[in-house]
Amino acid sequence: MVSSRDSIFKAIEAEAKPKRIFVIKNGEGKFILVRDPDMTQVERKLRSTRMPMLLQENHLTTKRQLEEDDLVELVPNILYEVEFPSELGVPGEVGSVIKLTMERLQELGLLKEYLEVRAELLHKDKLPLLAKISQEEDSSYKKLVGTVYQTSLTRNPKSDPGSLHLSSLQRRQDEWNGKSINERLMKLVSKATRMVIPNIRGGGREERWHAVASMTPYWDDNHETSSIQLNYTPQATSVNDALKKFAVGHTDSGDDPTGYSGLCGMSHFDESHFAGRFNLTPLGMTTTVGKCELLLFPAKLWLHCSSGSGTYDVSPNDPRRLQPSPLDHLTKLPADTPFMRLNAVVFPNRRCLNPTWRQIHGELWTEKGRSIYPSTAAHQEWMMRIWIANEAEITHWLEKLAAEEECPDAGKDTVAFRISFFRDHEACGPALLSKATEFMTKAFRSQLEQWKAGNNLRAKASDEQAEKDARDAGLDCEDAEVKAQRIKKEKAANSKARMAYSAQSHIFPPVERALANDYRRLFAWLDENTGKLRYPSEECTTKTLEWCDKPNDEFKNLLKKAEYLDCGSRVSNAGGAGGAGSLIIPKVTWFNPDFHKEFDPLTDTIPGNPSWQPGALGGEEADHKDSNETRKWSHEQAVWEQGGNGVFRDVEYTGVDDYWSAAGVDEESNQIVQSGEGSMISQAQHFAEYEPWLQEDYD
């Protein structure tokens, strides 16, 4: 039986020219993304997984080639902003995209630190050290994850409670200067986001940050990001081999849908290597991967992937080679630096920005947790906000623990019990959180095991282990259908237990709020320098109490805007909203292998090389030479400044004053895209407008 979804997919394949999900229009100093209002989410999802073969080329593409596949080359340093229907015209920016070049980063005062972090991460000893630590912590790390490293807060979806915890590299941060690197990366991306994304703290974001105690470490003014991932690929290594599952097209399903990821392109290649492209497939948008750039985009909403990285397949003088930046001289590294693809991704983990007390590992209440915050004050205030946001549940478990310890008021008079620990536990908030977490975790896991035993279910370690056990016992391997049913039951068992606990967590009786100063006293701490008690700020306490106890309608509206843009996480071939399962739709479809490959130097423009002027000298060889000389002069101009006697001196890095403008973008290369050709898909084939987002994190 062919599902309706398969019918849609076949209709998309049959189109002479792909239809755009988003039309891009010119605005005042920015570009506007306008979603096709008639396209269902199922259709948007299927279109997002189709990628033109052109994106695999190992050189820059021409405007003619991009237009053939209805692609757009992203124009750097200009904001791409979404236009929403009037009913969603509420405050708060969602879905925007911008790429910042080295020149723009220098204008913003961020380039110097960016380059320092890059130099440290690319040091010849850094990757071997990260690999060694990760392998010591998990012997199968490289096999499963490759050279992808989580360096800050992370989530283990198989660990419940306590799924939010420090990564193994974070726990051993002193061995590789991790605290300094994480702090600088997170501060850099958070600052850049605030500078270039309008109203980034509007739309109820700031209220949400206080009310749910978002975990945004390393910098006092960081409210945007929580986690860091380093993606290394040696130049001679396949990206798929190095990055495993992270190499293919995907959305970051564990990210906050209203947040922005910062992709810091820190690679170091030799002159023969093309860094490739980064593609945002729902937008039909691609961008060349330049040296030392920062791309800000919502990784939860826009399916993305890299492509085209490899040895240039055009001659050294060909204008389809990427030009160096006028600031390229600032990126020089020691001669023994290995050639390496490196993307440092700073992102907003959804669970970290909207945590619950039960998810937080007990180590976060200790000195280990203190290590990711810029000060003791910031750590204490975060723990106080967690307490206030989850007070009913924390009180419940503390009271059960106290009852076991035969406390007089526990289990009899909750009000009296709460008054007593506010009165008797000044500066003991972290210790109480630790005790409550330990007791709750023990109780929950005991409950889980009892439930499994009562239902005669035992979760297998893995499919591979189950088959190995069968062979060792002299039995045939499990029939595929039997195995599928077994796995389904095991997942249902775990899910049911978690659902039972989750339901329980919502029926804790509400507690009457204490005074602001009661919470401040509970989370006081001893100042190391003065020996006196210090307290969380009154402003922070008051805001948390105010915003924790009332609905955040602005943020709910912001989520609706994100849902309007959502193109789905991935294509699943299991049965579901599309009806019967699909045997037709692949995970990713590469189309149009017969694209126009010839380059005409007399007429072709190159959006990734805006200084190239076709036909300037009337011949292919001359034009190539002209482009190369232009590129060389632009680069040398930034390195040298002529003195009064014809003597050249170095131009030093001093910030904005020495900023050299990059070559202007040719107006023709901006590629303002009009509506595509009519779709062959009947709009009568509608599905639900939105699919529920997946719960698992991509980490």
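What you see is a predicted model, where local features need pLDDT of at least 70 and side-chain atom pairs count only at pLDDT 80 or more, while totals for chains, interfaces and linings use all residues. Residues are numbered from 1 along each chain as its sequence is written, and side-chain values use heavy atoms, with hydrogens and water left out.

Let's start with the sheets. Helices and strands here are DSSP runs numbered from the N terminus (helices are H or I with at least four residues, strands are E with at least two). Two strands pair if DSSP finds at least two bridges between them. With that in hand, look for an open sheet made of three strands in the order 1-2-5, with mixed pairing. Its edges are strand 1 (22–26) and strand 5 (80–83), each of which pairs on one side only. From one strand to the next, the twist averages 35 degrees; such angles run from 0 to 180 degrees between N-to-C directions, with axes fitted as lines to C-alpha atoms, for helices over the stretch in contact. Strand 2 (residues 31–35) runs parallel to strand 5, and four bridges join them. Phe31, for instance, has Tyr80 in strand 5 as its bridge partner.

Now move along to another open sheet, this one of six strands in the order 6-15-11-18-10-7, with antiparallel pairing. Strand 6 (98–100) and strand 7 (148–150) each have a single partner strand, so one side of each is left without a neighbour in the sheet. Ignoring direction, neighbouring strands of this sheet are turned by 15 degrees against each other on average.

How many of the residues of strand 18 are buried? Eight of its eight are, where buried means under 20% relative accessible area, exposed over 50% and partly exposed in between, using a 1.4 Å probe and protein chains only. In a regular strand the side chains alternate between the two faces of the sheet. In strand 18, Met340, Leu342, Ala344 and Val346 are buried on one side, and Arg341, Asn343, Val345 and Phe347 are buried on the other.

Next come the aromatic rings. A pair of them is described by the distance of the centres and the angle of the planes. Rings of Phe, Tyr and Trp (its six-membered ring) pair if their centres lie within 6.5 Å; planes under 30 degrees apart count as stacked, over 60 as edge-to-face and the rest as tilted. The structure holds 12 aromatic pairs. One of them is Phe274 with Tyr312, a tilted pair at 5.3 Å centre to centre with 40 degrees between the planes. This pair links distant parts of the chain, 38 residues apart: Phe274 is in strand 12 (residues 273–274), and Tyr312 is in the loop between strand 17 (310–311) and strand 18 (340–347). Phe274 is buried at a relative accessible area of 0%, and Tyr312 is buried at 11%. Tyr373 and Trp382 make a stacked pair, 5.6 Å centre to centre and 25 degrees between the planes, and both are buried. Elsewhere, Tyr141, Tyr149 and Tyr232 form one aromatic cluster.

Is His59 buried or exposed? At 6% relative accessibility, His59 counts as buried. Leaving aside neighbours within four places in sequence, His59 is in contact (heavy atoms within 4.5 Å) with Phe274, Arg277, Tyr312, Asp313, Val314 and Arg320. The side chains of His59 and Asp313 are also joined by a polar contact of 2.5 Å. A polar contact is a pair of N or O atoms within 3.5 Å; within protein, one must be able to donate a hydrogen and the other to accept it, and residues adjacent in sequence count only if both atoms are side-chain atoms.
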